[in-house]
Amino acid sequence: MTDRAALLTITDLAVRYGAIPALAGVDLTVGAGEMVSVVGPNGAGKTTLLAAVAGIVRPAAGAITFEGVSLVDCPIEAIVRRGISLVPEGRGVLASLTVLENLKLGATIRRDAAVKDDIEHYLEAFPILGARRHQPAGRLSGGEQQQLVIARALLANPKLLLLDEPSLGLAPTVIDQVYDLLQSLRGRGLSILLVEQNAARALRIADRSYVLNGGRVRLSGRRDEIIAHADFDAAYFGLAMDGRAAAS
Amino acid sequence: MIDTIVQILVDAVSLGGLYALTALGIGLIFGVMRLINFAHGDLITAAGYLVFLLAGQSVAVAILGALTVAIVLAVVTERVAFRPLRRADPATLLISSFALSVFLQKTLILFVSSRPKGVDFLPELQQQVTILQVHVQLLEIVTIAVTGVTLVGLSLFLKHTRFGLEMRAAAENFRVARLLGVRADRVIAQAFAISGALAAIVAILFTAQTGIVQPRMGLPLVVVAFVSTVIGGLGNLTGAALGGFLVGAISVLLQSLLPEDLRVFREALVFVAVIIVLLLRPQGLLPARGLRERI
């Protein structure tokens, strides 16, 4: 549980794909200005968790509240307007649109006069995007696309950024750049919910973490608490646990 | 010789333009909903009947009437027939569009009967004009000009307006577009409104060319336009327009080059040409990039 005022609160969340349970009894909180990571192996339910928060899938049971308001049954675009931006798995670059058009779409929900300046700011902050602003986004490398979708999500001025596997398919040096960027975003007070298979990196950068496996939270706490926990390997790799599920 | 070539070219661009505009109407809806809307033909028919009803009024009134009825009908059919099925699979949507088409046709027959009716719309455009020493019907020149202006206007709208950008994003990946805050209901309603406007433009030109309206007048256009979108590459608007012009050109060329006793097979040969194109390029001439599931 976070010490800070809870921004996102997930309680007893269950998601099913037909008869197959993807998540069951998930409790999770993200505090204001906090970076929380969710780690776990493939098929643990991490992407489903973010999809439920972003409104892509509907929960079978449980509650999701953001700033005290329920997000259950909210359309995807209404959730964006409440202040939650998702950078989806596989990046979700709109390949046939230019870099600049992708960034403009990031500011879809905004009507303020600062949009143009903010787009220019990100084009300067990510020089490769600035240099290739009129090129189709599909021509960018994986790392460049990752920069683009993070900048695009930030242009909505979100209060909470959801990131799904931002290091997936990237070279180690590019992963370093992405994580440096996340670190600087955290430094600016942005709340982040990060989903990663790369547990070592995610645990290192996050204020708190959750280990998800088989659709359930197996462990949660700060990095040192999770690493030190006797059941960490079992929780992460889905080995039999003797009923001692949560560390906190 | 040169006048025959120019005449064939004018005919090909004129007919291809009508197919291209119809294909764009279908392609726009396919882009945002992954729906092949066969009821698009009935939008053309409804607009054609408005031209018939208002032909005695001023040209502007008839055109405005046709545009209004097609746009309103397109938006209403989206709201009533397709929005409740938005999460259904594409086959369900396709059947729904057939059902809607039959419903609109039968309703129209109920009020206006199934017999064709003559329309004397824009008779002044039937006159011949001489361009480069070639006699061409003025209506064909107007058709080409209107098609050109509409294609350029649509292209500018899609490329340079906020709404156009949202539509292109939704056409490529609707889920990602929604994750960026693009409103699904609005972007789909917009696409239907534009497809209605395109249907009305086709109806006005087609009615002026043929001089008749009848309850199934839109169907052959939609069938050819559907084929055009497949040839061009489903989901790619440039491809849809290109496919329309190509089918129009093949059709006119066959009409001109085939011996008279073989001309009855013209349509069959057009579809043979379509099969050949699809065998060589199954994804169409300009396959859509990054086409994803809808909504």
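Author: Two residues are in contact if their C-beta atoms, placed from the backbone, lie within 7 Å. On that basis, in this predicted model, the contact between the chains takes 17 residues from chain B and 21 residues from chain A. On the side of chain B that touches chain A, the elements giving two or more residues are α6 (162-172) and α7 (174-179) of chain B. Of the elements of chain B, α6(B) gives the most to this side, with five residues. By class, the side of chain B that touches chain A has seven nonpolar, three polar and seven charged residues.

Within chain B, another contact may be set beside this one. The axes of helix α1 (residues 2-33) of chain B and helix α9 (residues 218-232) of chain B come within 8 Å and cross at roughly 70°, which makes α1(B) roughly perpendicular to α9(B). The crossing of these two helices, α1(B) and α9(B), is right-handed. Among the residues of α1(B) that take part are B:Leu18, B:Ile26 and B:Phe30, and those they meet in α9(B) include B:Leu221, B:Val224 and B:Phe226. By class, the contact of α1(B) with α9(B) has 10 nonpolar, five polar and no charged residues.

A:Leu23 is found in strand β2 (residues 20-31) of chain A, and A:Leu23 counts as buried because it has 27 C-beta neighbours inside 10 Å. Beyond residues up to four places away in sequence, A:Leu23 touches several others, including A:Leu13, A:Val15, A:Leu49 and A:Gly215. The C-alpha atoms of A:Leu23 and A:Leu49 are separated by 7.4 Å, although the two residues are 26 residues apart along the chain.

Note on methods: Residues numbered from 1 in each chain as written. Chains lettered and ligands numbered in written order. Predicted model: local features only at pLDDT ≥ 70, side-chain atom pairs only at ≥ 80, totals over all residues. Axes fitted to C-alpha atoms, helices over the stretch in contact; angles between N-to-C directions. Helix = DSSP H or I, 4+ residues; strand = E, 2+ residues; numbered from the N terminus. Parallel < 35°, antiparallel > 145°, perpendicular 65-115°, else oblique. Left-handed = near helix turned anticlockwise from the far one by under 90°. Nonpolar A, V, L, I, M, F, W, Y, C, P; charged D, E, K, R; others polar. Buried ≥ 20, exposed ≤ 12 C-beta atoms within 10 Å, placed from the backbone.
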